[in-house]
Amino acid sequence: MARLIFRKNSPPSSISPENWASWHWQLQNSLRSQIDFGRHFELSENEKSAFAQGGELFNIRTTPYYANLCGQALEDPIRRILMPRREELSPGAQQMHDPLGEKVNSPVPRIIHRYSDRVLFLVTDVCSVYCRYCTRKYFTGQDQAFLTETEFKTAIEYIKSRPGIREVILSGGDPLTLNNNRLEQILFALRQIEHVEIIRLGTRMPVVCPQRIDGSLVRLLQKMKPVYVMTHFNHPREITEEAATALELFVDHGIPVLNQMVLLNGVNNHPAIVQALSRRLLFLRAKPYYMFQCDPSLGTDHLRTSVEESLKIQRELWGHLSGLALPQLSLDIPQGGGKTSLVPDFQIAHNGQTRTYRGWDGVEADYVSPAPELSILPMDVEDYEEEWNQLRSARSPNLGQ
Ligand code: SF4
């Protein structure tokens, strides 16, 4: 097997290497209008008419770095992620303003409490790219860079008042578009809450602006440990030399990295592309974690795969990628139903205690379960029951309504 190579994303000759290497420059010089995009791309009639719809469309933005990764072909996978198209305004099979039902699971502004043990904390609505398939279009891209003082205090008080909350997921928007002072303020406040064990940080910056990941950021995250970074690479071409350096900086500083990709039509909906992405990530010590079915948010029909196609991709990957490299195919049940795993069904018969399976390469065998009366409880279960019950009672206020 050829050694994995990560290509450098060199700046165009008109941009100095110093500017290119600055994340502030990248954000300040983001492409946002038809004129900006027209300087980098030969725009198609379809794309021009999408830009002309202006305010009817989800916000448009990308860093020069990410635009430079994108080819001129109209169906270039990265172009499909970042460039608006007329299809976004066509009626589709399912078009939802808030597909995950987050608004009804938001007990206080900026907090989404859907699962017992964790909350999402939306610390900014700004992203360095506005992905055309974004599930949170109702919130992101409204240019409210940081939450207000009242929102911040209310959110922290909410988390403090519920001892069952063990994980806080910083999201948005992209938390890494905030500067280190703002980030430290949030992380520090969370670290004062005894029951918050894990902080997760969801970000697309290693993909779109890897210049953001530097020594001072990783030292800050290291200081606030345990912090997990959830990246969002969708295509192997996004893993450049710069992105690889960013991922290694996290891991070298003891910050685990997990990747959540979205299966997207015309972008990565082939097992060859998913395996290429997963192997590269794993080589860089970033665990391919989820492979999400694209949510039916407004204007995404042309980017979504069918469940059948997604399952077929997962089935093909099954026998060829190790468990470490294989992301878990998962679908968010619309209207806040939570996640469900989509697993290829290998069971072909079930009779009493015997289940028959046919594996990915055709091997058939029985698995015979022990008799149910042999099942006993672990003798020390009581030691852990109180913790378990506390967790279960930390349900979101809206659950069960
Ligand atoms: S980076 Fe995430 S939150 Fe921002 S637009 Fe893309 S998918 Fe949506």
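## Ligand shell

In this predicted model, ten positions line the ligand: C127, V129, Y130, C131, C134, R136, T140, G173, D174 and R204 surround the ligand. By class, 5 of the shell residues are nonpolar, 2 are polar and 3 are charged.

## The sheet

The model contains an open sheet of 9 strands. Its order is β1-β2-β3-β4-β5-β6-β7-β8-β9, and the pairing is mixed. Two strands form the edges: β1 (111-115) and β9 (338-341). Each of these edge strands pairs on one side only. From one strand to the next, the twist averages 30 degrees.

As background, side chains in a regular strand alternate between the two faces of the sheet.

Start with β2 (residues 118-122) and β3 (residues 167-171). These two strands run parallel and are joined by 5 bridges.

## Strands β7 and β8

Further along the sheet order come β7 and β8. Strand β7 covers residues 286-293, and strand β8 covers residues 328-333. They pair in the parallel sense over 3 bridges. Y290 stands opposite Q328 in β8.

## Helices α12 and α13

Helix α12 spans residues 271-283, and helix α13 spans residues 307-318. Their axes come within 9 Å and cross at roughly 55 degrees. Because of that angle, α12 counts as oblique to α13. The crossing of α12 past α13 is right-handed.

Which residues of α12 and α13 make the contact? From α12 come P271, V274 and Q275. From α13 come I313, E316 and L317. By class, the contact of α12 with α13 has 4 nonpolar residues, 1 polar and 1 charged.

## Recap

The ligand shell includes C127, D174 and R204. The sheet is open, with β1 and β9 at its edges. Helices α12 and α13 cross at roughly 55 degrees.

How values were computed:
Residues are numbered from 1 along each chain as its sequence is written. This is a predicted model: local features need pLDDT of at least 70, side-chain atom pairs count only at pLDDT 80 or more; totals for chains, interfaces and linings use all residues. A residue is near a molecule or strand if its C-beta atom, placed from the backbone, lies within 6 Å of it. Ala, Val, Leu, Ile, Met, Phe, Trp, Tyr, Cys and Pro count as nonpolar, Asp, Glu, Lys and Arg as charged, and the others, Gly among them, as polar. Two strands pair if DSSP finds at least two bridges between them. Helices (H or I, at least four residues) and strands (E, at least two) are DSSP runs, numbered from the N terminus. Axes are lines fitted to C-alpha atoms, for helices over the stretch in contact, and angles run from 0 to 180 degrees between N-to-C directions. Angles under 35 degrees count as roughly parallel, over 145 as roughly antiparallel, 65 to 115 as roughly perpendicular and the rest as oblique. A crossing is left-handed if the near helix is turned anticlockwise from the far one by less than a right angle, and right-handed if clockwise. Two residues are in contact if their C-beta atoms, placed from the backbone, lie within 7 Å.
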